Amino acid sequence: MNNSIDPSRRQFVKSALTAASALALAKVAPVWASPQGRHFKDSVLATDEVNLTIARKPLLIGQKVGRPITINGQMPGPLIRLREGQPAKLNVTNKLMEDTSVHWHGIILPENMDGVPGVSYEGIKPGRTFKYRYDVQQSGTYWYHSHSGLQEQLGHLGPLIIDSKDGDIGADREHTVILTDWTFSDPNDVFRKLKVAEGYYNYHKRTLFDTFDDIRQQGLEKTWQEREMWGRMRMSPRDIADVTGSTYTYLMNGRDSRMNWSGLFKPGEKVRLRIINGSAMSFFDVRIPGLEMTVVAADGQPVQPVTIDEFRIGVAEAYDVIVQPRESKAYTLFAESFDRSGFVRGTLTPELGLEAPIPELRPVPERGMAAMGMANMKMEGMTEGSMSSMKSDMSTKQPLPVDNIQIDHANGGHGPGAAMIAKNPVSRLDEPGLGLENVDHRVLVYSDLKGAHEWPDTREPERTIQLHLTGNMERYMWSFDGKKFTEVDGPIQFNEGERLRLVLVNDTMMDHPIHLHGMWMELENGHYPRPRKHTISVKPSEKVSLLISADAHGSWAFHCHLLYHMKAGMFRVVNVS
Amino acid sequence: MKNFLLLLGGLFPLIASAGHAKDDWPEPVSDHYTGRVLFDRLEIARTNQHEQSAVWDMMAWYGGDYHRLVFKTEGENVQNDGAPTDIEKAELLYGYLVSPFWSIQAGVGARGELSSDSSFEHYAVLSFSGLAPYWFEMDNSLMVNEEGDIQLRSETEYEWRLSQTAYLQPRVEITANVTDSEKYRRESGLSNLRVGLRYRQEISREFAPYIGVYWNQALGNTADRLQREGRQTHETGIVVGARVWF
């Protein structure tokens, strides 16, 4: 696959990393991703008014020249630094041959500044400039990206960091790390292949020999029962990512593993890593072998510190972690795609040119009964090991609000657009996710997250809205409640000023990162204060509840942030009035 | 013709406004229309009678998620026998997705020998096509010709994955006549069974050469008639070909 690195090649790259070639490399990747990073009390680099120019241009990506959409000549785009309490003045000029847009992901702003063509404005026509103006009312790690067609897949995105009023970053130094997935194919071709040839990019399917192995290991009967169940549903336990490392080159700050993005530190320093998943379709598992990480913010919002060794980051999510490397040696920052089809690594190092061992890709995981919404049925020998731990936890765990919510499916299912119904959806917030159940270190789970302080609206919800995440892999149809965006009559109505509970039920075999524009979602994970999120990853057959204060007047996008799922119809408009 | 236009109208409904956008704004997400041409079999077959023929089995569609225009054709040309190409089917259908894995298709078809003097048999066809539980890919058709003769045909394919790019594909096709037909020399009852097994290796997802074997057996009254006429009731052969799509 694209990301395998042969040792001789690695050796070459290492020796080539002289000062001169480092300069040459700096040209092909964003200048903000500089190895030095920023220090506490550095002057804020942002000018008063930020000008962004969107243009298509050839650029070296990994080992080949691609034609990404660049922002001010870079892919990913420039790091924009704003300061809490100040007005944002962002002018976006479109030099493409088609309409474009910029959406400020996770930012609370007026509806006409949100940047979603067809919902907040008409978009930016070729040759035109749109002037975004809004007051910055928050701080933290965010990002921005195109909301037009599949432009995001072409690299039309960048990090957006907002300094708090006092400028304190809670560390001695910080680095921003944005993860993306790049393909040299036309994104429209990728979408068409998903539409016409199910499983096109999946090279991890079960084979006849896997079946023989299973029979040898767990016996004919269990293998038969298990195959029978998947076969009856016409689902695959290896259907994890729709688009994989077979076409993707995974990038860290625009560099592939060979180019090895590096961030400097001095031993003993506290380094804040602002990690953003800006990819179109890829969840990543992130770890730094030899270093523990303390999570201090989720989706830009502060959380009470949690120390972990690895975390899974869904598409469009962001985590801030603090690491404190004490030894004067290099550490690998390793981001593995969650279907194990590839990875990207970077290096935290005391001096440029060093690198640390790169971990092996872990084996391809398989989904188990929990993914089918059969978590309560006793099936032994399932590969998703979390089931046993779930069962033992069940008795001691405090019930979550969502545990008591009855899940209703439409009569007779959700129509041809939904190939599956979660028979018994459960809360899975305490599960680290597929393939991470049995690792021998601490992995972040949503139930670890606790808000750093109380949020302004402490009311109980007055109303509950239930939405089902639905899909049909065979025709690549994705939707809410079995209805694609083009099939629904109108928006989801929020009454302005109300406090409501949104219940999401995942009736599919895939993880979906669900994003609400314009308002925060407080995750009901049993902690108080609750963590606030702009994007929530929902596991197969999971039910999740979120509290929302409907305080943002207007129309807002609500969608799955897997780019091709959104394009296929997993999109709604929320109207607050 | 009028029906055909109506059918096209069903395939491409006016872009329905989802009612969120202002008039001159684009829709944030719109429906997607695409198509695919698949030669499931494109092969040279050599029979146990040392006859060689070129065979095709093609399916093409265009449309959206629910409504599709489908074209299916299958046929063969026996080489060096001087006989014209035999078109086993050429069907144009409208397909509608009725459940997550199944669609109903209705349309018209023609078959016969492709020569200037022969007359084609025309028929109406109704198909139930999709993916059955346990991953059986099926296409079941009911055909009624101008004479009122009714024929049923069922095709089933399965795939054993040997590696991520290699497959073993069994294939079964059964034909049955509900009625006798003098004009087309068909006997009622089960008439034909065709079983094949192909080993396919993908060069890319779109292009996959294969080799295989098949066995063709006449059944029931059809076999009796062939025997009476002193003709073969079964045939075996080997095939070399490729599965190609674009």
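**What are the helix and strand percentages over residues 460-576 of chain A, and how many Å apart are the end C-alpha atoms?** Over this stretch, chain A is 4% helix and 50% strand, and the end C-alpha atoms lie 19 Å apart. Helices (H or I, at least four residues) and strands (E, at least two) are DSSP runs, numbered from the N terminus.

## Basis of the model

This is a predicted model, in which local features need pLDDT of at least 70 and side-chain atom pairs count only at pLDDT 80 or more, while totals for chains, interfaces and linings use all residues. Residues are numbered from 1 along each chain as its sequence is written, chains are lettered from A and ligands numbered from 1 in the order in which they are written, and side-chain values use heavy atoms, with hydrogens and water left out.

## Chain A overall

Chain A contains six helices and 33 strands. Of its 577 residues, 64% are buried (under 20% relative accessible area, with a 1.4 Å probe and protein chains only). The accessible surface of chain A is about 20,500 Å², and carbon and sulfur atoms account for 50% of that; such areas come from the Shrake-Rupley method with a 1.4 Å probe. Where contacts (heavy atoms within 4.5 Å) in chain A link residues at least 6 apart in sequence, 78% join residues at least 24 apart.

An unreviewed UniProt entry places the feature "domain: Plastocyanin-like" at residues 66-165, 241-336 and 460-576 of chain A; such annotations may be inferred rather than shown by experiment. Residues 241-336 of chain A are 0% helix and 52% strand, with end C-alpha atoms 13 Å apart.

## Two open sheets in chain A

One open sheet of chain A has five strands in the order β14-β22-β21-β16-β19, with mixed pairing. Its edges are β14 (261-264) and β19 (310-313), each with a single partner strand, so one side of each has no neighbour in the sheet. From one strand to the next, the twist averages 20 degrees, with axes fitted to C-alpha atoms and angles running from 0 to 180 degrees between N-to-C directions. Strands pair if DSSP finds at least two bridges between them; β14(A) and β22(A) (residues 343-349) are parallel and share four bridges. Within this pair, Ser262(A) stands opposite Thr347(A) of β22(A).

Strands β32(A) (residues 554-560) and β33(A) (residues 571-576) run antiparallel, joined by six bridges, and Ser555(A) has Asn575(A) in β33(A) as its bridge partner.

## Hairpins in chain B

In chain B, β2 (residues 52-63) pairs with β3 (residues 67-78) in the antiparallel sense over eleven bridges, and a hairpin of three residues joins them. Tyr62(B) stands opposite Leu69(B) in β3(B).

Six residues separate β3(B) and β4(B) in their hairpin, and Asn80(B) in the turn has a positive phi of about 65 degrees.

## The interface between chains A and B

At the interface, 53 residues of chain A contact 41 residues of chain B. The buried area is about 4,200 Å², with carbon and sulfur atoms giving 59%; this is the accessible area (1.4 Å probe) that the two parts lose on being put together, summed over both. On the chain A side, Tyr203(A), Arg234(A) and Arg475(A) lose the most area to chain B, together 19% of what that side buries.

Technical notes: Buried < 20%, exposed > 50% of the residue type's maximum accessible area, 1.4 Å probe, protein only.
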